[in-house]
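Please look through the model shown here. The text after it goes through a few of its parts in turn.

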Amino acid sequence: MKHFCFLLLAAGLGAGSITMAQTQPGDDPYLWLEEVEGPNALAWARGQNEVSLSELEAHPLFAPIHDRALEILTSDDRIAYPSLQGGMIYNFWRDAGHVRGIWRRTTVEDYRNEEPEWEVLLDLDALAEEEGENWVWAGASCRYPDYDRCLVRLSIGGADATVTREWDMATREFVEDGFRLEESKSAISWRDRDSVFYGPAFGEDQVTDSGYPRTVRIWERGSDPSEAPIVFEGERGDVAAQGLRFWDGDDHYDMIVRAPGFFSRHYYLYRDGKPHRLNVPDDAELAGMLDGQVLIELKSDWEVAGTTYSQGALVAGPIDSFETDSPELAVVVQPGERASISSVATTENTVLVNVLDNVVSTLHRFTHDDGRWVSEPLDVPELGSIAVVSTDDRSDRFYYNYTGFLTPSTLFEADAARDTHTDVRSEPAWFEKAGMEVAQHEATSADGERIPYFVVTPAGFEADGQNPTLLAAYGGFEVSRTPFYSGVTGSAWLERGGVYVLANIRGGGEFGPKWHQAALKENRQRAFDDLIAVAEDLIERGITSPDHLGIQGGSNGGLLVGAVMVQRPDLFDAVVCQVPLLDMKRYHRLLAGASWMAEYGDPDDPDQWAYLAAYSPYQNVSADVDYPRAFFTTSTRDDRVHPGHARKMVAKMLDQGHDLLYYENIEGGHGGAANLKQQAYLSALIYAYLHGQLADRSDPED
């Protein structure tokens, strides 16, 4: 990997009577629930928790599902996924004895052994006890190429905002007078041993409307960070700006990345004390560098010197040529109509491109030879999902994971140049798959587009319309949903007679940028129509029926299932809506919401609010419609998607007379759970709810 790391900004109407609520913020009677830690809001949340948990914990399947989920999530048989750094394997590990986790490392050679000898670097449970703080691991960035100092990020309760401390690998201790930041969404990355790129995010004058750093500064060791000189300043309306150093062999380049919008980037080479803008389309992404060649993923067509380079392609050219009007470009790979680039990674001598072909992974190696890019497919397992886990800067060694709905994850150590592959870790089978099957179908959406989806059926399945079925999707931010193995889903749902469905709806990246862009802004309804089409297709095929069909989504997926519930309540009897966006009138004013206007639109623009208002769940939920008994979950410590979305939706629906369930984890961040025990607990709540709503086949004795 060439140490090319950007600031992560995640977030990410149909049947029924629709009544428009008053849309001015001052007219919202539930605004008090946006006070994240307000005493009244927390008292309300705890009161709702008490009602919901007393019911769900009493379900006869809650305890066995919880116990099995906890066993799976904390098992020593899980894969300890590697991070290759300086010839060593690093790993962060949590289990029953290390609830918060340990940061550790071992050698490449020892990692191949069944039970490696791990050297513990940092025990987060011990640190939390010593400091009296609920620390959650948020990652570490170690200085290339020596990996002697690291910037360790710690979250309080799972929030996106982190505390940063410098770590000395030689002494195995935090550096007392080192680089250190208090809790914030500040950006910090290594330049050299004694300086960092720094973007403070402590005050309104330092951040964008999205709450991320607006300036890039160079902070020298031993100096006052408040006096670090500004080398770049973005605009208040931007999403973020960040400085970073990336390496290509022994050569390094200082780069500044300005993000005017969520899907737009301006790239600058920082040299001689000045930023120099590179000639790259605003919506393109720099994916890495090899042998002086910059790799760029195109999100739209790009015409250069009379040649058009097509949307979805990976192109490359010499870095200095991007300072001219006509960069010297060559096509590395151009995926087909129903294919897309899933990821790009580099080893010392190769570029690894993971291509999704009809949502099935293939892995290709590219080398730069005498001005040409040479491609060869690698001999990886077929008909599954592949993810490159970690690559090496100083060799062609890399690790990748292979999995499928019924295939436990297997980790391979491979050599990209020699095309050799050795399985070094495999998870056990957490559920009995005998008799289970996986199929891929297509539904036809409202505008005629074909929408693929996977169906996993349990043993003894019959298409009699009576099968409890869970339909999951995301549909946003160009995120691809691919087959995966889940011991928790398998044991809690599939083994107990449930059908699991994963839909590849528009808004995602399964078929490249065009698939994502098809559901942006005014076209968002297409994502909802796609999920509705899959639900109708499941019913038409006899796989399930509305009384036995549930939908699940989180974050942007929470918006998805919330909107579809409001539009087509007749199709479902269960809705799991997790850490959701729901109030699309105010989403851009809450936490990181302003950064997502490139995805959804600007509610303050009357023309854009017109289409947002048409589907915003919070504005469209009605007392006059019968909805499924939904289950909403969120987290107090989620500082990405505001918990006010779920709180206000639930309060409004309860006042309208609807029956529903609500659970707010008082910590846990955007994932909804801060540790493995909380993950097991939340999973048990969700599956107990789903069985209660859809199955009525529970075996209390299990």
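This is a predicted model: local features need pLDDT of at least 70, side-chain atom pairs count only at pLDDT 80 or more; totals for chains, interfaces and linings use all residues.

Residues are numbered from 1 along each chain as its sequence is written, and side-chain values use heavy atoms, with hydrogens and water left out.

Arg 526 lies in helix H7, residues 525-540 (helices are DSSP runs of H or I with at least four residues, strands runs of E with at least two, numbered from the N terminus). Arg 526 counts as partly exposed because its relative accessibility is 30% (buried is under 20%, exposed over 50%, partly exposed in between, with a 1.4 Å probe and protein chains only). Leaving out residues up to four places away in sequence, Arg 526 touches Ser 445, Asp 447, Arg 506 and Ala 518 (contact means heavy atoms within 4.5 Å).

H7 also packs against helix H8, residues 556-567, at an angle of about 70° and with the axes 10 Å apart (axes are lines fitted to C-alpha atoms, for helices over the stretch in contact, and angles run from 0 to 180 degrees between N-to-C directions). H7 and H8 are therefore roughly perpendicular, a term for angles of 65 to 115 degrees. Among the residues that meet are Phe 528 and Leu 531 in H7 and Leu 560 and Val 564 in H8.

Elsewhere, an open sheet of 4 antiparallel strands has the order E28-E29-E30-E31 (strands pair if DSSP finds at least two bridges between them). Its edge strands are E28 (385-391) and E31 (420-426). E28 is joined to E29 (residues 397-404) by 6 bridges, and Ala 387 stands opposite Asn 401 in E29.

Conventions
Angles under 35 degrees count as roughly parallel, over 145 as roughly antiparallel, 65 to 115 as roughly perpendicular and the rest as oblique.
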